[in-house]
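Thanks for coming, everyone. Please have the sequence and the structure open while I talk, and I will go through a few places one after another.

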Amino acid sequence: YTHFRWYTVRSAKQLMQDNGYEIVYADVAGELPFGRVSKRIFSSKVEKFLFRMLKSVSKGLFGSQLLMVVKLP
């Protein structure tokens, strides 16, 4: 048993709420699939736009890190 855990966006939010935290902000960070190839094809501005579009489809599928700001009520 280790400190490393896998969470979905939903399960991470639920964990915070179950432990009494209020979610102020929740998002994911990451990059386009096949990052090395996409960096050669697209400018960084286009990459960011495409990643935002993919995130809107599925944060859990395209995000690689969960970012949350929580507070106690």
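Let us begin with Asp27, which sits in strand β1, the stretch covering residues 22-29, and please keep in mind that everything I describe comes from a predicted model. Is Asp27 buried or exposed? Its relative accessible area is 16%, and because buried means under 20%, Asp27 counts as buried.

Which residues does Asp27 touch, if we leave out those up to four places away in sequence? They are Lys55, Lys59, Gln65, Leu66 and Leu67. With Lys55 there is also a polar contact, in which the two side chains are joined at 3.0 Å.

Setting aside residues up to four places away in sequence, Lys55 touches Asp27 and Val28.

How many cavities of 30 Å³ or more does a search of the whole structure find? The search finds 1, and the volume of the largest cavity is about 40 Å³. If we sort the lining by class, we count 7 nonpolar residues and 3 charged ones, with no polar residue.

Now let us turn to the aromatic rings. Across the whole structure, a search finds 1 aromatic pair. The ring centres of Phe4 and Trp6 are 5.3 Å apart and the ring planes stand at 90°, so this pair is edge-to-face. For those new to the subject, a pair of aromatic rings is described by the distance of the centres and the angle of the planes. Both Phe4 and Trp6 are exposed.

My last stop is Ser58, which you will find in the loop between α3 and α4, the latter being 59-62. Ser58 has a relative accessible area of 24%, so we call this serine partly exposed. Finally, how are Ser58 and Val24 placed, and what separation do their C-alpha atoms have? Along the chain they are 34 residues apart, and their C-alpha atoms are separated by 20 Å.

How values were computed: Residues numbered from 1 in each chain as written. Predicted model: local features only at pLDDT ≥ 70, side-chain atom pairs only at ≥ 80, totals over all residues. Heavy atoms only, no water. Helix = DSSP H or I, 4+ residues; strand = E, 2+ residues; numbered from the N terminus. Buried < 20%, exposed > 50% of the residue type's maximum accessible area, 1.4 Å probe, protein only. Polar contact = N/O pair within 3.5 Å; in protein donor to acceptor, adjacent residues only side chain to side chain. Contact = heavy atoms within 4.5 Å. 1 Å grid on protein atoms, 1.4 Å probe; cavity = no way out; pocket = protein on both sides within 12 Å on 5 of 7 lines; lining within 4 Å. Points joined across faces, edges and corners; volume = space filled by probe spheres on them. Nonpolar A, V, L, I, M, F, W, Y, C, P; charged D, E, K, R; others polar. Phe/Tyr/Trp six-rings, centres within 6.5 Å; stacked < 30°, edge-to-face > 60°.
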